[in-house]
Amino acid sequence: MSQRESIVAVQKNGDGDLTAFQTNTGRILNYEQALLAVQNGEIAGVNAFKGRDGGTYLRGDADGDPSNNLDNLPTFQ
């Protein structure tokens with residue numbers, strides 16, 4: 001199996017919600033595409049979880065390092 005991608009940068013909307021992701025290979029994924037990629041095991045360091053509202057969301061794996069949380073990654077245009 002080839003190496004899994006990792007998320008290196010994010011885009012946020014005006015409310016600060018994550019809307020798109022850039023991987024270490026340069027691939028740009030919207031939220032839905034990233035969610036599918038994570039669920040398919042294509043992206044490392046991120047997991048999908050079901051929120052209280054029933055929606056499925058992305059978050060970085062809990063590793064005690066806040067610098068690699070999705071909200072703390074650099075943004076891209």
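Predicted model: local features only at pLDDT ≥ 70, side-chain atom pairs only at ≥ 80, totals over all residues.
Which residue in S6 is the bridge partner of Asn47? It is Arg59.

Strand S5 covers residues 46-50 and pairs with S6 in the antiparallel sense. Five bridges hold the pairing. Besides the bridge between Asn47 and Arg59, Val46 stands opposite Gly60 in S6. Five residues lie between the two strands of this hairpin. Among them, Gly54 takes a positive phi near 90°.

**The four-stranded sheet**

Four other strands make up an open sheet with mixed pairing. Their order is S3-S2-S1-S4. The edges are S3 (28-30) and S4 (43-44). Each edge strand has a single partner, so one side of each is left without a neighbour in the sheet. In general, strands of a sheet pair through backbone hydrogen bonds, either parallel or antiparallel. The pairings in this sheet are listed below.

| Strand pair | Sense | Bridges | Example of facing residues |
|---|---|---|---|
| S1 and S2 | antiparallel | five | Lys12 and Leu18 |
| S2 and S3 | antiparallel | three | Phe21 and Leu29 |
| S1 and S4 | parallel | two | Glu5 and Ile43 |

Helix H1 packs on the sheet and touches S2, S3 and S4. The direction of H1 makes about 100° with that of S3.

S1 and S2 also form a hairpin, with five residues between the strands. In this hairpin Gly16 takes a positive phi near 85°. Gly16 returns below as part of a pocket lining.

**The nonpolar core**

The largest nonpolar core has 15 residues. Which of them touch the most other members? They are Ile7, Phe21, Ile43, Val46, Leu58 and Leu70. H1 gives the largest share, five residues.

Phe21 stands opposite Leu29 in S3. Ile43 is the bridge partner of Glu5. Val46 stands opposite Gly60.

Leaving out residues up to four places away in sequence, Leu58 touches Phe21, Tyr31, Ala34, Leu35, Val38, Val46, Asn47, Ala48, Phe49 and Leu70. Phe21, Val46 and Leu70 on that list are also among the core members that touch the most others.

**The largest pocket**

What is the volume of the largest pocket? It is about 200 Å³. The lining consists of Gly16, Asp17, Leu18, Tyr31, Phe49, Tyr57, Leu58, Arg59, Gly60, Asn69, Leu70 and Asp71. Strand S6 (residues 56-60) supplies the largest share of the lining, four residues.

The lining draws on residues already met. Leu58 and Leu70 line the pocket and belong to the core. Arg59 lines the pocket and is the bridge partner of Asn47. Leu18 is in the lining and is the bridge partner of Lys12.

Val8 lies in strand S1. Is Val8 buried or partly exposed? Val8 has a relative accessible area of 35%, so Val8 is partly exposed; buried would need under 20%. Setting aside neighbours within four places in sequence, Val8 is in contact with Gln22, Thr23, Asn24, Leu73 and Pro74. Val8 and Gly55 are 47 residues apart along the chain, and their C-alpha atoms are separated by 24 Å.

Arg27 sits in the loop between S2 and S3. Its relative accessible area is 31%, which makes Arg27 partly exposed. Beyond four places in sequence, Arg27 is in contact with Glu5, Phe21, Gln22, Ala37 and Glu42. Of these contacts, Phe21 is a core residue. Arg27 and Gln3 are 24 residues apart in sequence and 14 Å apart in space, C-alpha to C-alpha.

Asn72 is found in the segment after S6. At 46% relative accessibility, Asn72 is partly exposed. Not counting residues up to four places away in sequence, Asn72 touches Pro66 and Ser67. Asn72 and Ala9 are 63 residues apart along the chain, with 9.0 Å between their C-alpha atoms.

Methods: Residues numbered from 1 in each chain as written. Heavy atoms only, no water. Core = buried A, V, L, I, M, F, W, Y, C linked by side-chain atoms within 4.5 Å. Buried < 20%, exposed > 50% of the residue type's maximum accessible area, 1.4 Å probe, protein only. Contact = heavy atoms within 4.5 Å. Pairing = 2+ DSSP bridges. Axes fitted to C-alpha atoms, helices over the stretch in contact; angles between N-to-C directions. 1 Å grid on protein atoms, 1.4 Å probe; cavity = no way out; pocket = protein on both sides within 12 Å on 5 of 7 lines; lining within 4 Å. Points joined across faces, edges and corners; volume = space filled by probe spheres on them.
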